[in-house]
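This briefing concerns a pocket and a DNA-facing surface. Please consult the sequence and structure shown below while reading.

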2 protein chains.
Amino acid sequence: MITGEKTSPAKNIKTLQVIQSEVENTNRIALSVDCVIFGFDEAKLEVLLIRSDLKKFAGKWSLLGDLVFPEEDLDAAAYRILKQRTGLSDVYLEQVSTFGTVNRHPAGRVVTVAYCSLINVQHHKLNILDNELHWHDIKNVTDLAFDHQQIFDSCLKQLQKRVQEHPLGFNLLPKKFSLRDLQNLYEAILDIKMDRRNFRKKFFSMDFLVDLEEMEQDVPHRPGKLYKFNYEKYEKRKKKWVGIDF
Amino acid sequence: MITGEKTSPAKNIKTLQVIQSEVENTNRIALSVDCVIFGFDEAKLEVLLIRSDLKKFAGKWSLLGDLVFPEEDLDAAAYRILKQRTGLSDVYLEQVSTFGTVNRHPAGRVVTVAYCSLINVQHHKLNILDNELHWHDIKNVTDLAFDHQQIFDSCLKQLQKRVQEHPLGFNLLPKKFSLRDLQNLYEAILDIKMDRRNFRKKFFSMDFLVDLEEMEQDVPHRPGKLYKFNYEKYEKRKKKWVGIDF
DNA sequence: GTTTAATGTGTAAATTAAACACATTATAGC
DNA sequence: GCTATAATGTGTTTAATTTACACATTAAAC
């Protein structure tokens with residue numbers, strides 16, 4: 001009844017006090033956050049996992065999670081938990097979805113909100129507090145603890161969709177990058193191969209890549225041109241958003 | 001600590017009992033569900049709202065919500081709450097997102113999970129338990145109670161996106177419908193006008209509409225042909241899902 | 001029977017996506 | 001240094017899709 005609606009005329013009169021007692025005493029549930037941190041590393045997509053210390057899940061890997069405090073914003077909890085577990089702080093987290101079956105956690109009722117991020121493994125130094133925190137190639141992620149496999153699958157799908165609709169990828173590259181870097185990124189995340197020539201045309205036509213008139217250094221092959229992502233140019237473009245297609 | 005990860009080597013040994021006490025005693029939070037029920041009615045998109053009975057929000061409208069019980073699956077809670085408040089049961093609910101700022105509810109800390117649905121107003125009889133439950137034209141929805149305006153906006157956006165990617169719309173139409181019905185539906189949900197000829201071509205090319213060789217009855221104009229949606233045909237089509245575009 | 005307002009259909013132009021080939025350049029190996 | 005190698009850089013052609021746009025047809029309303 002906490003949002004103030006009525007179920008019947010007879011129950012119409014519900015004071016804030018009554019509601020408060022319901023909120024304070026009964027019906028409370030442990031709420032957690034689980035972070036799915038995707039990392040891009042040398043043309044591979046990885047995910048950050050930690051080994052479960054529950055006997056029930058001995059040897060299994062799990063996502064980075066913890067309880068939300070009663071006086072802590074949900075988003076803030078996600079950032080705190082990520083920071084505590086990894087030392088990472090300048091990372092954008094995005095909520096994906098909430099998992100709330102009764103028996104998903106062996107210690108009792110815990111509803112968890114999944115958050116997802118995507119970073120470059122080389123750009124962020126992990127604060128490895130124990131040696132059970134590791135990057136895992138996403139192709140080898142199976143049989144996680146709890147319902148974390150389901151959460152992981154859901155986040156990966158969401159990531160693959162989002163990366164096609166928003167320029168997330170550029171955060172993963174150095175400020176200056178080659179088109180090969182960019183294509184490797186998309187191929188790793190989407191797990192597909194693309195035609196190099198069409199890929200280049202696609203991104204050039206999007207008109208937010210700036211030619212830096214510099215070349216790659218120290219690469220073991222012919223150096224490519226370097227580009228940067230221009231956010232203002234990206235924002236300025238009008239996007240047609242209607243496209244019924246299913 | 002509930003998902004079993006460790007914060008430091010020193011804290012490595014955490015038994016299920018310790019975790020259980022954390023889940024059971026501290027850190028618990030009231031969890032609610034709020035349902036955003038969109039209704040399509042005669043070429044208009046509406047949303048089901050109820051008047052708030054909290055003094056703080058006197059006169060304002062709010063979404064259909066209530067607390068989740070400790071031994072109830074999250075999805076089940078959403079269906080229960082919808083049923084209790086409206087009598088609706090054969091309606092598909094989809095989770096949209098979770099809102100968890102500390103001060104979003106005046107009665108205390110309540111994190112809420114938003115669920116969204118889309119039904120045909122004419123097909124579903126509401127069980128109106130009091131006269132404060134009403135359909136509202138979405139164009140007139142402003143200034144809802146709590147953070148419900150934000151939740152509503154978020155769900156509307158999600159609906160508009162989803163309806164372009166999945167054939168949700170056909171649930172809203174009669175089994176037999178005309179292409180004009182279908183176009184009205186999309187125009188109402190997306191709040192745009194489309195070219196009638198191109199709209200037809202689009203849907204015919206998608207190849208899951210079956211011509212019933214029947215005509216509309218009792219319409220005040222030239223009757224149109226009637227079609228039905230063939231789910232098998234829809235499923236069978238392969239969809240290319242890669243299309244980087246932002 | 002005439003008017004009206006909707007349905008049903010088609011075509012041309014523009015844009016976008018897909019397939020595909022060759023010259024160029026720096027490195028690596030000799 | 002010379003050659004072989006393997007990557008970069010660039011267009012063209014075709015197909016597919018989207019957009020813009022006009023006219024004949026049909027049933028209801030008068």
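Which elements of chain B each supply at least two residues of the lining of the second largest pocket? In this predicted model, they are β5 (94–99), β6 (110–120), α3 (148–165), β9 (225–229) and α6 (231–236).

**Second largest pocket**

- The volume of the second largest pocket is about 730 Å³.
- The lining comprises 30 residues, of which Pro167(B), Leu168(B), Phe170(B), Asn171(B) and Leu172(B) are the closest to the pocket centre.
- With five residues, β6(B) gives the most to this lining.
- By residue class, the lining contains 17 nonpolar, six polar and seven charged residues.

- Of the atoms of DNA strand C that come within 4 Å of the protein, 46% belong to sugar and phosphate.
- The residues of this surface divide into 12 charged, four polar and four nonpolar.

**Polar contacts with DNA strand C**

- At the bases, an N or O atom in the side chain of Arg197(A) is 2.6 Å from a base nitrogen, and a polar side-chain atom of Arg222(B) lies 2.4 Å from a base oxygen.
- At the phosphate, a backbone N or O atom of Lys225(B) lies 2.6 Å from an oxygen.
- The elements giving two or more residues to the surface near DNA strand C are α5 (196–206) of chain A and α5 (196–206) of chain B.

Methods
Residues are numbered from 1 along each chain as its sequence is written. Chains are lettered from A and ligands numbered from 1 in the order in which they are written. This is a predicted model: local features need pLDDT of at least 70, side-chain atom pairs count only at pLDDT 80 or more; totals for chains, interfaces and linings use all residues. Side-chain values use heavy atoms; hydrogens and water are left out. On a 1 Å grid over the protein atoms alone, a cavity is a set of points where a 1.4 Å probe fits but cannot get out, and a pocket is an open set with protein on both sides within 12 Å along at least five of seven lines; lining residues have an atom within 4 Å of a point. Grid points are joined across faces, edges and corners, and a volume is the space filled by probe spheres set on the points. Helices (H or I, at least four residues) and strands (E, at least two) are DSSP runs, numbered from the N terminus. Ala, Val, Leu, Ile, Met, Phe, Trp, Tyr, Cys and Pro count as nonpolar, Asp, Glu, Lys and Arg as charged, and the others, Gly among them, as polar. A residue is near a molecule or strand if one of its heavy atoms lies within 4 Å of it. A polar contact is a pair of N or O atoms within 3.5 Å; within protein, one must be able to donate a hydrogen and the other to accept it, and residues adjacent in sequence count only if both atoms are side-chain atoms.
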